[in-house]
Amino acid sequence: MNGTASERRGGAAVRPSPVFLAVVGATILCGLIAWRYGTILDRPGRVALFGFVIAAWVLSLSLHEFGHAYMAFRSGDRSVADKGYLTLNPLKYSDVTLSFLIPVVFIVLGGIGLPGGAVWIDRHVIQGRLRHSLISAAGPLSNALFAIMLAVIFKNFADADHALFWSGLAFLAFLQVTATILNLLPIPGLDGFGIIEPYLPRRLADQANAYGGYAFLVLIALLWLGPINQGFFNVIYYLTDAIGLGEFPFRVNGSVDHFPIELGHYLFQWWKS
């Protein structure tokens, strides 16, 4: 087996790539601009907020796929290190168009955080059904933890002087919740199915996986239907309310009528008046 003893234990194999560090830098820079110079009616500030949300979303996709890869590495699949999955480089996680550009388009058009990215794991070298389930669960768990972290920061530090930034951060947390819920659906091709797949009859699992791509497309189409769309977002808003994103801890222009997520989504779309 190649690699040092430290790498085999899962430590030294993790090396953040320059691309990932650049994404982190872009997130911080755009966030600081939105924080320092942006007001709710300031278009340059809204452009910075757009950059902050998109960069942070790409960052979260990298963390999501890294979660899968790192759990696989710890479970016995050393190939993920050779493929560059442990570098957090978003360019390593499957097709750039399908994994990143399309999810970004859905964020812009519909305010939905689609699952994106993919890592190819050698399941044959991993022993135990629980390990396979944990590998699948690691991705959406990273989104859930990211959402909770953002909600805690929002709840404890949001202030009226930087309402633009805080509404954008609330919208970013909302996207993490949508990604978590979508990924946990037990549909072939999504992590939710990967969690239960080890416990299904092999023939049934193989048949379901053969239609995974079509099932995902059907899901996306269904999300545009009124009743399903409303039911889905009702669940999402219930969860975001539960973690403290339902209202600002301050008044916006003397009013509390603007919910943080809705305002953040509107301000994110800087091209709108």
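**Salt bridges, cores and a pocket in a predicted model**

Glu197 is buried, at 17% relative accessible area (buried is under 20%, exposed over 50% and partly exposed in between, with a 1.4 Å probe and protein chains only). The model is a predicted one, in which local features need pLDDT of at least 70 and side-chain atom pairs count only at pLDDT 80 or more, while totals for chains, interfaces and linings use all residues. Residues are numbered from 1 along each chain as its sequence is written, and side-chain values use heavy atoms, with hydrogens and water left out.

Glu197 pairs up with Arg202 in a salt bridge, with 2.8 Å between the closest N and O atoms (a salt bridge is a side-chain nitrogen of Lys or Arg within 4 Å of a carboxyl oxygen of Asp or Glu). Arg202 is partly exposed, at 46% relative accessibility. Its side chain also meets that of Asp206 in a salt bridge, at 3.2 Å from N to O. Asp206 and Arg202 sit four residues apart in helix α9 (residues 202-210), about one turn of the helix; helices here are DSSP runs of H or I with at least four residues, strands are runs of E with at least two, and both are numbered from the N terminus. Asp206 is partly exposed too, with a relative accessible area of 43%. Shared partners tie Glu197, Arg202 and Asp206 into one salt-bridge network. A search of the whole structure turns up two salt bridges.

Next comes the nonpolar packing. In soluble globular proteins, nonpolar side chains tend to be buried together. A nonpolar core is a set of buried Ala, Val, Leu, Ile, Met, Phe, Trp, Tyr and Cys residues joined through side-chain atoms within 4.5 Å. The largest such core has 52 residues, and Phe154 and Phe171 touch the most other members. Elements giving two or more residues to this core include α2 (18-37), α3 (43-75), α6 (129-157) and α7 (163-184). The largest share, 14 residues, comes from α7. Apart from this core lies another one, of 18 residues, including Phe20, Leu59, Val80 and Leu88.

Beyond its neighbours within four places in sequence, Phe154 is in contact (heavy atoms within 4.5 Å) with residues including Trp166, Leu169, Phe248 and Pro260. Ser167, in helix α7, is buried at 0% relative accessibility. Residues up to four places away in sequence aside, Ser167 touches Phe248, Pro260, Leu263, Gly264 and Leu267.

Most residues other than glycine have a negative phi, but Leu88 has a positive one, near 65°. Leu88 is placed in the loop between α4 (79-82) and α5, and is buried, with a relative accessible area of 5%.

On a 1 Å grid over the protein atoms alone, a pocket is an open set of points where a 1.4 Å probe fits, with protein on both sides within 12 Å along at least five of seven lines, and lining residues have an atom within 4 Å of a point. Of the 15 lining residues, Thr27, Phe52, Leu150, Phe165 and Leu169 lie nearest the centre. At least two lining residues come from each of α2, α3, α6 and α7, and α2 gives the largest share, five residues. By class, the lining has 13 nonpolar, two polar and no charged residues.

Technical notes
Ala, Val, Leu, Ile, Met, Phe, Trp, Tyr, Cys and Pro count as nonpolar, Asp, Glu, Lys and Arg as charged, and the others, Gly among them, as polar.
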